[in-house]
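Please open the structure in a viewer and keep the selection panel at hand.

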Amino acid sequence: LGETKVFVRQPQDVYALESLREVGVGKVVARIQRAWRRYSNRREWVILKRNMDKIYVKGGKERRSASVFRPFLGGSLNAKLVKEIPPLIEFDPISKAWTEHFSETGKKYYYNVITQITQWDKPVDLEPQRIMFAYKVQRVFNHQQGQCRMEYMVITDRAIHFIEKRKQMVVTPPTKPTKQNPKPDPPPAPYEETVWLLNKKLDIRLLRQLSVSKQADTYAVLHVYDAPTPYREIYKTPVGGKDQVCQWSQEKFGKADKKANCPACGLLMKQEFLSKGRPLPTLGYPQPVAVCANCERGEPLEAVEDVVISTPLKTEMVAMLRRLYRQVMGSKMPVTIDNNIPYQLAGESFQRTAVFQPAAGIDKPKLFVAEKQVVIHCPAGISQAEIARQQAERDAKAKAELEAHKKQLAEERKKEEEKEKEREEAHKKLVEERKRQKALDAERAAAEAEEAERVRREKQERARAAVAARSNK
C-alpha cells in the first residue's frame with residue numbers, strides 16, 4: 001500500500017476485485033432504483049392525497065383518522081395477486097387475433113384474423129395492460145338482501161375488474177365399464193382447487209361519476225354510462241365451405257363433425273369443444289350458453305352497472321381513478337359528496353339510493369336494506385379542528401424528529417471529521433517516520449560507504465608503504 005497507489009502482487013487478486021466490483025455495482029444500481037421509485041411513488045401519492053383532501057374539505061366530508069393520517073406504505077398493489085390474475089385481465093379474443101407480417105418491401109404490418117383488418121400501426125390492444133391498483137374490497141352484489149362479497153378490485157389503465165377467489169370441490173365421475181375394460185380403475189378422490197372468477201368488468205371510458213358520502217365511512221359508488229349489448233362486435237366465422245379447419249384444434253372437419261361458433265369469441269370449431277356453460281350478460285346472453293374453454297373465465301359474469309363497494313383504501317382508489325380517467329379521456333372525473341346517492345342497476349327501470357346515516361356506538365359501517373335503498377350506518381368521524389390539531393402535533397413531532405436527525409447527523413459528521421483528522425495525523429506521522437527512517441538509512445549507507453572508502457585508502461597506503469620499503473632495500 002503506497003501513498004497514492006495500491007500494489008497487487010498476484011493477478012488473481014485483480015480478477016477477484018473486478019468480480020466484486022461488478023457485483024457491487026449491480027447491487028448499488030438496484031438500491032438506487034428502488035429508492036427513486038419509492039420517492040417518485042410517494043411524491044405522487046402525496047399530490048393525489050392533497051387533492052382529495054381539498055375535495056373532501058370543500059364537500060364537508062367527515063374523515064376517519066386512519067384515512068387522514070395513513071402513511072405511504074409503498075402503494076396499493078398486492079404482489080401475490082398481481083402474479084396470479086394476469087390471464088383474467090388480459091383476456092381479449094379480438095386483441096389475441098392480431099398477428100405480425102412483413103410486406104414485400106420489408107415493412108411490418110398487422111392483421112386480425114377475426115375482424116380481417118389490416119393496418120400498418122401497431123394496435124393498442126397488443127400493448128400489455130398496467131395494473132395500477134389491486135386490493136381487497138367488499139362489493140354489494142345482492143341489493144335486495146344487502147349481501148356483500150369479498151373480491152379483489154384490480155384497476156388497469158383500461159378497465160376496472162372485480163375478481164373473486166373461490167374454492168371448489170372437483171369430483172371425477174367413475175369410468176363406465178366396457179367390453180375392452182370391464183373393470184376400470186376407481187376415480188381419484190375428490191380434491192379442492194382454487195379458481196379465479198371475473199364477476200364484473202367496467203371500462204374506464206364508461207365511468208360517469210364517483211360518489212362518496214359526507215360521513216366517516218369506507219363506501220364509494222362508481223357510476224357508469226349504459227353500455228351497449230353486446231359491448232363489442234363478435235365476428236363469427238361463416239359455417240360452410242370446403243376445406244374448413246377447426247380454429248380450436250387446427251384440424252380439418254370430418255363429415256360427421258358438427259360445426260358451431262363460440263358465442264363469445266366467434267371462432268368456428270367442433271361442437272364438442274363448446275362444453276362450458278355460463279351466462280354472457282355483456283354479450284347479450286343472460287342465460288348460460290356453451291362457450292369454449294378460453295371464454296369460460298375471460299368474460300365477466302355480471303352486466304355493466306353502477307357499483308357500491310367498501311374498502312379502507314377508498315381515498316386512494318378514488319384518487320387513482322380520477323388520475324387514470326384524466327389520462328385516458330383528457331377531462332376531470334366529477335366527484336359527488338352527498339348522504340343520498342342514487343344509482344342504477346342493470347335491468348331495473350327505477351333508481352336505487354344509498355343512504356348514509358350517522359350512528360353512535362359503532363366503530364365501523366353497517367349496512368341495512370330498505371325498499372329500493374341500502375342504508376349504511378356510519379361511525380362518528382373527526383372534525384376539521386381535530387384534524388388540524390392532530391396535524392399540528394404530527395408536524396411538530398416530525399419537525400422535532402428532523403431536528404434530532406440533523407443533530408445526530410452533525411454529531412456523526414463531527415465524529416467522522418475527528419476520525420479523519422486522526423487518520424490524517426496518523427498518516428502524517430507514518431509518512432514522517434518513513435522519511436526519518438529513509439534519512440537514517442541514507443546516513444547509515446553514507447557512513448558505511450565512507451568507512452569502506454577509508455578502509456580501502458588505508459589498505460592502499462599500507463600497500464604503497466610496503467612497496468616503498470622493499471624498493472629501499
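Is Tyr109 buried, partly exposed or exposed? Select Tyr109: this residue is partly exposed, with a relative accessible area of 23%; buried means under 20%, exposed over 50% and partly exposed in between, with a 1.4 Å probe and protein chains only. The model is a predicted one, in which local features need pLDDT of at least 70 and side-chain atom pairs count only at pLDDT 80 or more, whereas totals for chains, interfaces and linings use all residues. Residues are numbered from 1 along each chain as its sequence is written, and side-chain values use heavy atoms, with hydrogens and water left out.

Next, select the largest nonpolar core, which has 31 residues; such a core is a set of buried Ala, Val, Leu, Ile, Met, Phe, Trp, Tyr and Cys residues joined through side-chain atoms within 4.5 Å. Met153, Ile160, Leu222, Met317 and Leu321 touch the most other members. The largest share, 7 residues, comes from α5; helices (H or I, at least four residues) and strands (E, at least two) are DSSP runs numbered from the N terminus. Then display Met317 with its contacts (heavy atoms within 4.5 Å): among them are Phe133, Met153 and Leu222, not counting residues up to four places away in sequence. A second, separate core of 14 residues includes Ala260, Ala264, Leu283 and Cys292.

Finally, select Trp36 and Tyr39, which are 3 residues apart in helix α1 and separated by about one helical turn. Trp36 counts as exposed at 51% relative accessibility, while Tyr39 counts as partly exposed at 45%.
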